Amino acid sequence: MMSSEYHHLLFLSRAVLKTTTSSLSSFFALNLEALACAVFFMAVFSLWLFPGGLAWALSKSKAQRCPRFPGPHGLPLTGLLTIFTGATPHRALADLARRFNALPLMAFSVGFTRFVVSSHPETAKEILNSSAFADRPVKESAYELLFHRAMGFAPYGEYWRNLRRISATHLFSPRRIGDFGGFRKEMGLKMVAQIRDLMAKKGIVGVKKVLHFGSLNNVMMTVFGRCYEFDNEKGHGVGDGVELEKMVSEGYELLGIFNWSDHFPLLGWLDFQGVRKRCRVLVSKVNAFVGKIIEEHRAKRNMNGHENGEKKVGDFVDVLLDLEKNGEKLSDSDMIAVLWEMIFRGTDTVAILLEWILARMVLHPEIQSKAQAEIDSVVGDSGRSISDSDIPNLPYLQAIVKESLRAHPPGPLLSWARLSTHDVFIGHDFIPAGTTAMVNMWAITHDEKVWSEPEKFKPERFTEEEANRDVSVMGSDLRLAPFGAGRRVCPGKALGLASVHLWLALLLQSFKWLPCDDNNGVDLSECLKLSLEMKNPLLCRAVPRSI
Ligand code: HEM
């Protein structure tokens with residue numbers, strides 16, 4: 001009995017001891033977990049308190065950690081991420097820069113990416129013209145689409161310099177732009193005919209599609225030497241046109257998407273937005289599509305004896321193939337990347353800008369009439385349609401384009417940012433290597449200290465105000481630099497402007513642009529994707545004018 005009681009007691013005390021130890025250890029384990037969590041959050045919180053937020057706090061040295069210029073903390077861990085998932089990050093950043101008194105430079109973080117943004121012409125000039133910012137941060141989507149081998153994302157160096165030189169000579173030179181003038185006009189007249197058709201059928205016109213396909217074909221002709229049918233109804237090449245349009249839309253979407261992996265490297269392998277997977281599918285389609293065009297060019301050159309000195313206005317594929325003769329051969333995959341990038345850069349910037357301009361024409365009938373009177377006076381009684389050679393005689397039309405670039409810059413954050421390759425000072429402010437730098441061109445063009453009455457659409461500021469008469473949009477004056485500036489300034493700016501000027505002149509010469517009905521105004525709400533688009537695409541009436 002004694003022994004059984006003893007054993008029972010022993011068993012009980014062991015059980016009690018075991019339970020106590022295990023609850024003690026789970027108590028400690030729980031508390032340790034809680035403690036670790038608390039320490040982690042405290043650490044994140046204290047890092048988050050640094051001006052500019054987490055990514056600035058994680059800079060290598062103490063000097064680098066504290067930017068001497070102000071910046072919002074944003075949310076712990078994610079920083080200003082929500083600004084970039086919104087529709088108008090350029091406006092949100094402009095508001096913050098004003099609130100933090102940080103127009104010259106503002107620091108902020110998005111996840112682990114350190115940003116600096118300039119909303120002032122002086123610092124914008126320093127950033128864009130500095131060799132320290134001649135690189136671009138390569139987004140995952142751009143890398144997967146092989147754009148790091150194309151001009152826009154290629155690292156600053158020999159390969160990039162070569163591409164700039166080749167395209168400056170063979171694609172963007174005044175002579176080449178002139179050579180394609182006839183085709184540009186043909187494209188403009190085709191758009192006029194399409195708009196007339198749409199008006200006859202529906203009584204209203206959504207210009208976005210017409211402009212997009214016109215601009216796409218214009219670039220396709222300059223780059224690939226051929227056009228496509230997109231209307232899916234009749235004509236040669238419909239199948240290819242549909243395929244091309246699908247690939248272009250997919251590419252735009254992928255390049256415009258806010259990808260978490262770009263700012264949270266650990267999320268990279270998860271690819272939870274499916275960006276990498278979609279990019280890979282697209283790349284294989286693009287390789288097949290563009291690869292076929294390159295092969296067709298090669299075959300034609302062999303058949304035509306191109307090598308034997310036969311002359312023709314070659315497209316950009318021919319130019320790249322000619323490099324083989326000079327020992328500067330690009331691999332086929334590099335050629336595909338270079339050619340494909342031109343389509344992305346050259347198509348929508350032009351189409352979107354024209355849509356904004358037409359929206360303004362509908363909203364401001366007096367400005368529209370003034371431009372039409374100018375066109376009529378240049379054409380006289382001849383009844384001919386406008387050509388490239390008339391554009392220098394249309395200063396008011398050019399002022400409308402400038403004012404539209406000011407009010408609605410297609411790349412309000414200058415599209416693709418810059419990356420500092422080494423430590424550098426902007427004024428007295430230290431920027432560590434590896435910082436992403438942006439210029440908020442929209443903030444500059446809407447700053448009343450830079451432009452009087454910035455919210456007013458007033459082309460006359462460029463024709464009548466002495467201080468603004470000679471403003472160039474080409475990158476020398478950072479009050480209005482919609483094409484960027486410095487080494488990586490847009491190489492297609494003259495080509496883009498030539499298309500916008502000519503097509504706007506033809507569209508104004510051919511139609512009176514009116515709202516859909518008296519109550520239906522124009523919605524100027526914005527949505528920033530790859531370019532700054534109209535949130536609600538323009539729907540209006542285009543009533544034929546008698547020329
Ligand atoms: C209205 C028309 C256009 C606008 C507003 C525009 C705007 C821009 C901007 C803001 C940049 C960045 C510049 C910088 O970082 O300083 C850029 C770069 C670029 N643009 Fe354009 N662009 C237009 C038309 C075109 C056209 C028609 C093409 C070619 C067909 C083109 C090809 C490029 C390329 C290849 C780059 C990258 C240059 C580099 O990184 O070296 N763009 N553009």
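Which helix supplies the largest share of the shell around the ligand? A few notes, starting there.

1. It's helix 15, with four residues. Helices 15 (332–346), 16 (348–363) and 21 (493–510) each put at least two residues into that shell; helices here are DSSP runs of H or I, at least four residues, and strands are E runs of at least two, numbered from the N terminus.

2. Before you go further: this is a predicted model, where local features need pLDDT of at least 70 and side-chain atom pairs count only at pLDDT 80 or more, while totals for chains, interfaces and linings use all residues. Numbering starts from 1 along each chain as its sequence is written.

3. There are 29 residues around the ligand, and Gly-346, Gly-484, Cys-490, Gly-492 and Gly-496 come nearest (near means a C-beta atom, placed from the backbone, within 6 Å). The shell splits into 16 nonpolar, nine polar and four charged residues; Gly is counted as polar, Cys as nonpolar.

4. The largest nonpolar core has 139 residues, with Met-106, Leu-339, Leu-354, Leu-358 and Leu-504 making the most contacts inside it. Such a core is a set of buried Ala, Val, Leu, Ile, Met, Phe, Trp, Tyr and Cys residues joined through C-beta atoms within 7 Å, buried being 20 or more other C-beta atoms within 10 Å of a residue's own.

5. Leu-504, setting aside neighbours within four places in sequence, contacts Leu-354, Ile-357, Leu-397 and Val-401 (C-beta atoms within 7 Å).

6. Three strands make an open antiparallel sheet, order 3-11-8, with strands 3 (205–206) and 8 (511–515) at the edges. Two bridges join strand 3 to strand 11 (539–544); pairing takes at least two DSSP bridges. Gly-206 sits opposite Leu-539.

Technical notes. A residue is buried if 20 or more other C-beta atoms lie within 10 Å of its own, exposed if 12 or fewer, and partly exposed in between; C-beta atoms are placed from the backbone. Two residues are in contact if their C-beta atoms, placed from the backbone, lie within 7 Å.
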